[in-house]
Amino acid sequence: MLEQIISIVREAGEIVISARDVWSHTHEKTSAADLVTEYDVAVENFLKEKLLSLVPGSIFFGEEETERADPTQGWAFIVDPIDGTTNFVRGLQQSAISVALAHDGTVEYGVVYDPYKNEMFSARRGGGAFRNGSPIHVSERPIEQGIFGMGTAIYRREYLEPTMRVTEQLFKRSCDFRRLGAAALDLCNVACGRTELFFEYSLCPWDQAAGSLIITEAGGFVCTLEGKPMSLTDRCSVWASNQVNKDVLKELEV
Ligand code: IPD
Ligand code: CA
Ligand code: CA
């Protein structure tokens, strides 16, 4: 199953790579900070058709859908066709396709693909995590020798203050931080040991479902900033880390 999902996602990556003149195929959803391109829709439609025929009877829970069924019933694909749309529109080449397959509310497979670097992150529950087929593991560096990723919860501006408060506390303890603009890749960066931590105050299930499994299968840790399990149905915050920094969360004023 994992290999079949990977092959479909890789094919979808060609749509992203072949995109031209993206600005003129871009529309505002709710504001200038909330964009959708015709490529987001094309990738989602492609994935929907292929994935639903891979698992007949499954649910498709995609970002660009107008109506979504409950992804905690039976088999469900949770899909972000382009995570990092603003990066995509601006040609920053830092975007990914994120696909999770859950069964009765538990993510069993996760795939995050960066078509620009041709990096395929994947995991099956209990089967470890991989980058282009090679096993990956979180780092063993404490935050004092590490860097962290953060997201600005752009669609929930009310979290600006706590976001900056946590960033300041972590920055004081670490070497530096990054704001990459694609949460699925931020999670994979923790999973493969490029960064030690990642947090954001508000993510949707399609941003984090695949990446959360990839982190835990890579030996890392993921929960909300309140210390609760991640949600497959609603927005939630995220705290993702290697094992060494797991408890840094308890030391923060969030
Ligand atoms: C967004 C990106 C961004 C994060 C936002 C997400 P989108 O996804 O992952 O890094 O800060 O919270 O919504 O809209 O580009 O698919
Ligand atoms: Ca996203
Ligand atoms: Ca998206």
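**Calcium and strands**

Author: Glu63 (OE), Asp80 (OD) and Ile82 (O) coordinate the calcium ion (ligand 3) at 2.2 to 2.3 Å. Donors here are N, O and S atoms within 2.8 Å of the metal (3.2 Å for Na, K and Ca); water is not among the atoms, so sites may look incomplete.

Reader: What should I know about the model and the numbering?
Author: This is a predicted model: local features need pLDDT of at least 70, side-chain atom pairs count only at pLDDT 80 or more, and totals for chains, interfaces and linings use all residues. Residues are numbered from 1 along each chain as its sequence is written, chains are lettered from A and ligands numbered from 1 in the order in which they are written, and side-chain values use heavy atoms, with hydrogens and water left out.

Reader: Back to the metal. What spacing do the donors of ligand 3 follow along the chain?
Author: The spacing is E-x16-D-x1-I.

Reader: Which residue bridges ligand 3 and ligand 2?
Author: Asp80 does, and the two calcium ions lie 3.7 Å apart. Asp80 sits in strand β4 (75–83) and Glu63 in the loop between β3 (59–62) and β4, so the pair ties together parts that are 17 residues apart in sequence. Strands (E, at least two residues) and helices (H or I, at least four) are DSSP runs, numbered from the N terminus.

Reader: Is Glu63 buried or exposed?
Author: Glu63 is buried, and Asp80 is too. Buried means under 20% relative accessible area, exposed over 50%, partly exposed in between (1.4 Å probe, protein chains only).

Reader: How many residues of β4 are buried?
Author: Eight of its nine, so β4 is mostly covered.

Reader: Which way do β3 and β4 run?
Author: They run parallel, joined by four bridges. Two strands pair if DSSP finds at least two bridges between them. Phe60 stands opposite Phe77 in β4.

Reader: What is the bridge partner of Phe77 in β5?
Author: Leu101. β5 (residues 96–103) pairs with β4 in the antiparallel sense, over seven bridges.

Reader: New topic. What is the strand order in the open sheet of five?
Author: The order is β11-β10-β12-β14-β13, with mixed pairing. β11 (176–178) and β13 (221–223) are the edge strands, each pairing on one side only.

Reader: How many bridges join β12 to β14?
Author: Five, and β12 (residues 197–203) and β14 (residues 236–241) run antiparallel. Leu197 stands opposite Ser241 in β14.
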